[in-house]
Amino acid sequence: MRAVFFRFGGLLALGLAAACTSRPEAPAGSPVAEATAAPAAPPAATAPVAAAPDCRQPFGLCDGTELTYRLTNEKNKLEGVQVLKVARISQHAAEKKSPAYAEALLKSSLYDASNRLLRNDEFVYLCRNDTVLTDGRLLLDPALLSSFRDRRFAYEPQHLPWPNQPVAGPLPGGRLIVQVSSPSTDIARVVTTVSQRQVSGPVATTTPAGTFQCYKVEARYEYATELRPDLTRRTVKRVTDYYAPGTGLVRTEMRDADGELDRVAELVKLAAGSR
């Protein structure tokens, strides 16, 4: 077994275990079977192109919307499938100096390439004014916490912004701090920092789910484990996200610091919910 890691755009940090031997076929109708059965590229003439939404429906999502993502490694081999389903969208009125905002609760299910369920999670998206804010906890690579068993984790997320009507130029970054401790002492800090975000586009981006008018966001990701002031382990990745304001993240490419492709996540199925 070898550990492989995904960070799905501003949406997801995943840790999967990939077997070196051949895998059994996934049962028909399973998330993995649906993801692998998706066509390589549908005709552009029939592909959906989503319009920019307003903030009442972050990324154009509505109750019951389901998005399926295929996760592959540097050799384009399937590593897993993630399914995100909108459980609830709630509206919050403006209060004093705080603007009105919408809150979307998404339930996440992560499967390995053999259709084994690895984990379930819940994440929250916010939308206020003209910007969607994805859950800062999605920046975490769970592998960074794997060595801290039976410890306490305190999360300090800074959400990542995605404008509904972006213009070319810089975007604010994000950050996630996880304080690792025991009942008696602090042990370490695990910090993910997203910086140097630049947006360009729009550009037509085709995946098995269709063709979308996407904005391209390039960024630097630094993963740091601070064991003590003079001992920090760091890893740097370059991440390119393609996002459609009316749909969300459509494709994410992660590369090593030297530019070599590391991981890819792409939307392979979009099932509309009820508005």
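How many residues lie between β14 and β15 in their hairpin? I looked, and the answer is 3.

A note to myself before going on: this is a predicted model, where local features need pLDDT of at least 70, side-chain atom pairs count only at pLDDT 80 or more, and totals for chains, interfaces and linings use all residues. Residues are numbered from 1 along each chain as its sequence is written, and side-chain values use heavy atoms, with hydrogens and water left out.

**Strands**

I took strands as DSSP runs of E with at least two residues, numbered from the N terminus, and called two of them paired if DSSP finds at least two bridges between them. β14 (residues 231–244) and β15 (residues 248–256) run antiparallel, joined by 8 bridges. Here I found threonine 240 with glutamate 253 of β15 as its bridge partner.

Next I followed β15 to β16 (residues 261–271), an antiparallel pairing over 5 bridges. Threonine 252 stands opposite alanine 265 of β16. This hairpin has 4 residues between its strands, and glycine 259 takes a positive phi near 95° there.

**Cores**

Then I turned to the nonpolar cores: sets of buried Ala, Val, Leu, Ile, Met, Phe, Trp, Tyr and Cys residues joined through side-chain atoms within 4.5 Å, with buried meaning under 20% relative accessible area (1.4 Å probe, protein chains only). The largest one holds 48 residues, and Phe59, Leu61, Tyr125 and Tyr221 touch the most other members. Strand β13 (residues 210–228) gives the most to this core, 7 residues. I also noted a second, separate core of 8 residues, with Val32, Ala35, Val81 and Val268 among them.

Conventions
Buried means under 20% relative accessible area, exposed over 50%, partly exposed in between (1.4 Å probe, protein chains only).
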